[in-house]
Every structure is written in structure tokens, then in C-alpha cells.
Amino acid sequence: MPLKVNEIFYSIQGESSYAGFPCVFVRLAGCNLRCSWCDTGYAREEGAPMDIWTVIERVKSYGCRLVEITGGEPLLQEETTELIRRLLDEELQVLLETNGSMDVSAVDRRCVKVVDVKCPSSGESGRNDFRNLERLTKKDEIKFVVGDRADYEYACEVLPLIRERCPGSTVLFSPLSGRMEPRRLAGWVLEDRLFVRLQLQIHRVLWPEKSRGV
Ligand code: SF4
């Protein structure tokens, strides 16, 4: 079966520990969640069929060694794990952005998984699959998008579980664009002595006017 692809583009990685690196993005179509603040709603429906080899050729055409598979929710499509494996076999470094509701255990361990934990303001925190925390390795990352104080407190409550089930993984706190003042979140992190990585979405700083292809 071909993959349903929303867009493939080359940009600067805006999030995770890889922020700042040039990266090819493969945005797959479809999502099983409806986050209240979703900024890629267009990817939930729109997409065209593309076979795996065409996707790989498009990715390689940019001559960039870093590629991210994102969505939507990429793990909704069965072929995604095969795409990831083949990209890794091409000696590319592969990141996967996933919304935290899907089982990640079928994903090749060479891939760096960036797994969301949805906070209450998303309206989807009931969909977090915390069993994923046991399926991650130290090189994987766990991301909270924080929209308000209640989200922050929720993230703080989940942190001990992460430290217990997935010690050594990087935890990212990302202020929700337009809703959470980054400086405010930084203040809370420092005040509470949290060892988490505050991340700003670099692509939004670089291209604030663009809503797609960044
Ligand atoms: S998981 Fe991602 S793509 Fe799906 S609704 Fe939430 S923010 Fe949007």
C-alpha cells in the first residue's frame, strides 16, 4: 500500500535536541486526535498516495542526512515503520514525531522517537499511552506542549513516571505558541529546579508568517 503523504519539504528543524539542524520533513496525512490548538489540521485530511521508494528518492534529493517523519500521526499508517527502516538503511538519521497515543514498539530502535505527552489544554490528555515510556530508549525524547499553569503542573506530575520508566531520556517543555509566554515557563522551570529542556520553536521565529512547509 502506498503512503498517504501531505507534504515533503526541506527546512530547519525547529524542535527537539536536533533543533537548528537542516532537515527534510515528511508529513504524513491523517490523525486520530483533535488537539484544541492543533496547527497542522490540514494534515489530518489532505494527502496524496506515494509509494515508499518515491518518498525515499524525494528525501534523498535534498542531500540532507537528517529526516523527520511527522504528521498528523505517522503511526496510523502501517507502512510508516517500513519507511523508517528503509531510510535508516540508506544511512540517514531519522526522527519520528508521534502524538503519544500509538504503540511505538514496532519502530526501528535506530530511529529517534520524539513522543508527545498531551497536556490537559489539548483536550486529548486522556489518550496518552504511558506504556510507551517503557518502549523508549535513552536517545528518545518526550515532549510536553505547555499552554497554561495547569498543563505545567500536569507535566510536573508525569515527570517522576518518566524518570522511573525511561531514565536518561530528554524531556522537552515547549511553550504553546501565542498562549504561553516562554519567559514565564522558563521561570517556573528554574523555580522548581526541573532538569528539562525548554524549547522554542525555531521555525516559528524564522518564518512567523508561514503556516505550512516549515
Ligand atoms: S496530534 Fe498533532 S496533528 Fe493530531 S490533532 Fe494533535 S497536534 Fe494536530
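The following legends describe close-up views of a predicted model.

**View 1. Residues surrounding the ligand.** The shell around the ligand includes C31, L33, R34, C35 and C38, together with T40 and A43. G71, G72, E73 and N99 also belong to these surroundings. Sorted by class, the shell comprises five nonpolar, four polar and two charged residues.

**View 2. The cis peptide bond between G71 and G72.** The bond leading from G71 to G72 is cis, and its omega lies near 10°. G72 is situated in the loop that runs between strand 4 and helix 3. Both G71 and G72 are among the residues that surround the ligand.

**View 3. The crossing of helix 2 and helix 3.** Helix 2 spans residues 52-60 and helix 3 spans residues 80-89; their axes come within 10 Å and cross at roughly 45°. Helix 2 is therefore oblique to helix 3. The crossing in which helix 2 passes helix 3 is right-handed. On the side of helix 2, the contact is made by I52, V55, I56 and V59, which meet E82, L83, R86 and L87 of helix 3. By class, this contact of helix 2 with helix 3 holds six nonpolar and two charged residues, with no polar ones.

**View 4. The pairing of strand 4 with strand 5.** In general, the strands of a sheet pair through backbone hydrogen bonds, in either a parallel or an antiparallel manner. Strand 4 (residues 66-70) and strand 5 (residues 93-98) are paired in the parallel sense, over four bridges. Within this pair, V67 stands opposite V94 of strand 5.

**View 5. The backbone at E91.** E91 has a phi near 65°, which is a positive value in a residue other than glycine. This residue, E91, is located in the loop between helix 3 and strand 5.

Note on methods
Residues are numbered from 1 along each chain as its sequence is written. This is a predicted model: local features need pLDDT of at least 70, side-chain atom pairs count only at pLDDT 80 or more; totals for chains, interfaces and linings use all residues. A residue is near a molecule or strand if its C-beta atom, placed from the backbone, lies within 6 Å of it. Ala, Val, Leu, Ile, Met, Phe, Trp, Tyr, Cys and Pro count as nonpolar, Asp, Glu, Lys and Arg as charged, and the others, Gly among them, as polar. Axes are lines fitted to C-alpha atoms, for helices over the stretch in contact, and angles run from 0 to 180 degrees between N-to-C directions. Helices (H or I, at least four residues) and strands (E, at least two) are DSSP runs, numbered from the N terminus. Angles under 35 degrees count as roughly parallel, over 145 as roughly antiparallel, 65 to 115 as roughly perpendicular and the rest as oblique. A crossing is left-handed if the near helix is turned anticlockwise from the far one by less than a right angle, and right-handed if clockwise. Two residues are in contact if their C-beta atoms, placed from the backbone, lie within 7 Å. Two strands pair if DSSP finds at least two bridges between them.
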